[in-house]
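Here are my notes on the model you sent. Please read them with the structure open beside you.

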Amino acid sequence: MKKQYVIRLAVILSVSGILFSCGNKVKDTGALAFDSIQINETVHLFGDTAKPACNLVINYAYPVKSSDQKLKDSLNRFFISACFGDKYNVLSTKEAIKQFTDTYVAEYRRDLEPMYTEDQKNKEDESSVGAWYSYYKGIEGHVQTYKGNLLTYRVNYNEYTGGAHGMYTTTYLNVNLATLRTIHLDDIFTGDYMEMLTDLLWNQLMADKKVASHKELEDIGYGSTGELVPTDNFYPVKDGIVFYFNIYEFTPYVMGPVEIKLPYEIMEHIMVTDNAIINELRN
């Protein structure tokens with residue numbers, strides 16, 4: 001489960017480099033307008049409502065209007081890749097979601113119906129057939145911020161495929177609409193900033209949890225599943241940057257995800273001074 005989550009998160013955070021070119025500029029933010037598609041599909045094994053089922057829930061926001069057609073098309077490919085995978089980004093939004101839904105249902109039935117049939121043959125009683133045959137997948141794509149040249153898109157992913165619990169992640173993708181490029185830490189910070197930014201994150205977390213040392217945080221569970229390091233999974237707001245850490249990144253499942261908000265004032269010494277996106281957001 002943990003390995004699957006890490007791979008998925010890495011794919012989402014890296015896909016942006018494929019879709020946006022470095023040299024293209026648009027004249028403005030594109031006057032974007034958005035719509036959404038909702039899907040709630042439940043399909044039972046063998047088409048029998050008395051048997052376990054898979055449930056796919058999609059709530060997906062996407063641009064439908066823009067003063068710049070190239071910008072709209074690029075964003076649509078980007079969002080489809082982030083939510084559903086690269087192989088779907090050559091399709092229209094509705095076609096991509098239809099094919100993704102059909103594939104999810106087909107793979108569920110293909111993989112589980114033979115195992116379920118075998119379990120039914122060997123069962124001792126009704127309760128001996130595991131509840132893990134009931135699958136769930138939820139995908140939500142939302143526009144969190146659209147201001148000036150900044151567009152922050154949030155992807156919520158939730159899946160259960162058997163076991164003690166499901167997996168869920170949240171990924172933030174920040175796009176500079178003036179350059180059609182995603183925004184990474186290297187675009188906001190300068191010099192050898194990683195160690196200093198890491199210290200700021202630890203210090204802020206200590207302040208948030210009202211403890212005085214790393215040891216106290218470690219006793220609570222922070223750092224038990226990985227190192228606290230700056231991540232590209234962040235979103236800028238008017239008064240700071242919020243860094244988002246999903247389950248298992250440096251805390252166990254039971255503690256849930258962690259958000260650490262660093263005010264701009266304490267990061268000034270390592271930030272790029274002429275970052276138009278951040279300056280525009282702060283004003």
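1. Strand S3 (residues 135-147) and strand S4 (residues 150-160) run antiparallel and are joined by 11 bridges. Val143 stands opposite Tyr153 in S4. Strands (E, at least two residues) and helices (H or I, at least four) are DSSP runs, numbered from the N terminus; two strands pair if DSSP finds at least two bridges between them.

2. This is a predicted model, in which local features need pLDDT of at least 70 and side-chain atom pairs count only at pLDDT 80 or more, while totals for chains, interfaces and linings use all residues. Residues are numbered from 1 along each chain as its sequence is written, and side-chain values use heavy atoms, with hydrogens and water left out.

3. The order S1-S2-S3-S4-S5-S6 describes an open sheet of 6 strands with mixed pairing. Its edge strands, S1 (33-44) and S6 (181-182), each pair on one side only.

4. Helix H3 (residues 69-84) packs on the sheet, touching S2 (53-65), S3, S4, S5 (167-176) and S6; contact means heavy atoms within 4.5 Å. The direction of H3 makes about 165° with that of S2. Helix H4 (residues 93-122) lies across S1, S2 and S3, and runs at about 165° to S2. Axes are lines fitted to C-alpha atoms, for helices over the stretch in contact, and angles between N-to-C directions run from 0 to 180 degrees.

5. Which residues of H6 are buried? They are Leu197, Thr198, Leu200, Leu201, Trp202, Gln204, Leu205 and Met206, where buried means under 20% relative accessible area (1.4 Å probe, protein chains only). Their cover includes helix H7 (214-220), strand S8 (240-245) and strand S9 (258-263). After H6 comes Lys210, with a positive phi near 60°.

Conventions: Buried means under 20% relative accessible area, exposed over 50%, partly exposed in between (1.4 Å probe, protein chains only).
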